[in-house]
Amino acid sequence: LLGQPDVIVIMLDAARADAFSPFGGPHETPAVARLAADGTVFREARAGSSWTLQSGTSMLTGLYADTLGVAAWRDRLPDEIPLLPELMESAGYDTVLFSQHPFYRYDDSYRRGFQRVRVLKGDDATTLPSARELLASPRPTFALVHLLPPHIPYTPPQPFRGRYTSTYAGEMTVEPERLRPFNPDSPESLSEADLRYVRDRYLENVAYADSLVARVLGILDRQGRYDEALVVLTADHGEAFLEHGRFVHSLDLYREVLHVPLVVKWPGSSASFPRVVDVPVSLLDLAPTLVDALALRGAGDGFQGRSLLPLVLGETAPPRTFYAVTRGEG
């Protein structure tokens, strides 16, 4: 249906949907807003888990983490289950993985199908792929670009640091060792100003993440490949701010950690696709959607996600039940 466009999947880490302006966020996020203006906003997208390993592997396979048997770092993906990059490689794509997150180092099964891999060391949240890394081949590119912000620690560089928190005069800090110990049984007493400070520091990191997205889109612009590319913007999971007694993510399955942004900028020839979809969808739908839209072979019919293509083509979505799991260490 869509031919063989470049496919660029930008996955932000720990990015809750309502932090971004197309999803009702309190501050403008221009890069995500640009994609939303050029594509389809799925307002009710849900992750399959509240932490990276289980959600990320589900997105790349269209299967729930329990089906895959992954519940802890270094749990190996079953060899017989094809990953999305393997299907793209078989279809003739140049497959690229660029990650600021170390997740893909933990087991080589997470990297199957990627012909070129660069996983940054440490907590480098500033380095981005070059145009040569991202678009090195005359063949169409499939790239997964996994960016660490807005994940903790909420320490974006200038000019983002202090953008929303410059008037705070309290003593609250946002280091992981400060936020993770909070639990629903004995939360520490925080003032509303303290809690607002934590949220605003996160939003500063969201603004930084948005600027990184803009830089990735700029690569496509400069190479003249943005208009006809299929660009997906999403997140592996969200982030909590004491809505249910906890900060950060991984231990619960509430809306704040499962509701993620999902924007699909279709190739230019698909301008008739809807701008907004309110029907609930899942990150498990990404793999079957690309299989359907790009007519990829070798996938079989065993997805637990569904293709979103009928939905954007105007068909009525049948009822469905959504699941999410959180097991292991997040």
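A cavity is here a set of grid points where a 1.4 Å probe fits but cannot get out. In this predicted model, a search of the whole structure finds two cavities of 30 Å³ or more.

The lining of the largest cavity is made up of Leu 230, Val 232, Leu 262, Val 264, Trp 266, Ser 282, Leu 283, Asp 285, Leu 286, Thr 289, Leu 290 and Leu 308. Two or more residues are given to this lining by each of the elements β7 (230–235), β11 (262–265) and α9 (286–294). Helix α9 provides the largest share, three residues. By class, the lining of the largest cavity divides into nine nonpolar residues, two polar and one charged.

Around the second largest cavity stand Ala 19, His 27, Glu 28, Thr 29, Tyr 164, Leu 203, Val 206 and Ala 207. Five of the residues in this lining are nonpolar, two are polar and one is charged.

The largest pocket contains about 240 Å³ of space. It is lined by 15 residues, of which His 101, Asp 123, Leu 148, His 151 and Ile 152 are the closest to its centre. The lining of the largest pocket comprises eight nonpolar, five polar and two charged residues.

A single aromatic cluster is formed by Trp 51, Trp 73, Phe 103, Tyr 104, Tyr 106 and Tyr 110.

Charged side chains also lie over aromatic rings. The charged end of Arg 34 is placed over the ring of Tyr 226, at 4.0 Å from the ring centre. For Arg 46, the charged end sits over the ring of Phe 322, and the distance to the centre of that ring is 5.1 Å.

Arg 46 has a further place in the description, in a β-sheet. Strand β3 covers residues 45–46 and is joined to β10 by two bridges, the two strands running antiparallel. Within this pairing, Arg 46 stands opposite His 259 of β10. The sheet is open and has three strands in the order β10-β3-β13, with mixed pairing. Its edges are taken by β10 (259–260) and β13 (281–282); each has a single partner strand, so one side of each is left without a neighbour in the sheet. In general, strands of a sheet pair through backbone hydrogen bonds, either parallel or antiparallel.

Val 145 was examined separately. This residue belongs to strand β6, which spans residues 141–147. Val 145 counts as buried because its relative accessibility is 0%, and the cut-off for a buried residue is under 20%. Along the chain, Val 145 and Leu 128 are 17 residues apart, and their C-alpha atoms are separated by 8.7 Å.

Terms used. Residues are numbered from 1 along each chain as its sequence is written. This is a predicted model: local features need pLDDT of at least 70, side-chain atom pairs count only at pLDDT 80 or more; totals for chains, interfaces and linings use all residues. Side-chain values use heavy atoms; hydrogens and water are left out. On a 1 Å grid over the protein atoms alone, a cavity is a set of points where a 1.4 Å probe fits but cannot get out, and a pocket is an open set with protein on both sides within 12 Å along at least five of seven lines; lining residues have an atom within 4 Å of a point. Grid points are joined across faces, edges and corners, and a volume is the space filled by probe spheres set on the points. Ala, Val, Leu, Ile, Met, Phe, Trp, Tyr, Cys and Pro count as nonpolar, Asp, Glu, Lys and Arg as charged, and the others, Gly among them, as polar. Two strands pair if DSSP finds at least two bridges between them. Helices (H or I, at least four residues) and strands (E, at least two) are DSSP runs, numbered from the N terminus. Rings of Phe, Tyr and Trp (its six-membered ring) pair if their centres lie within 6.5 Å; planes under 30 degrees apart count as stacked, over 60 as edge-to-face and the rest as tilted. A charge sits over a ring if NZ of Lys or CZ of Arg is within 6 Å of the ring centre and within 35 degrees of the ring normal. Buried means under 20% relative accessible area, exposed over 50%, partly exposed in between (1.4 Å probe, protein chains only).
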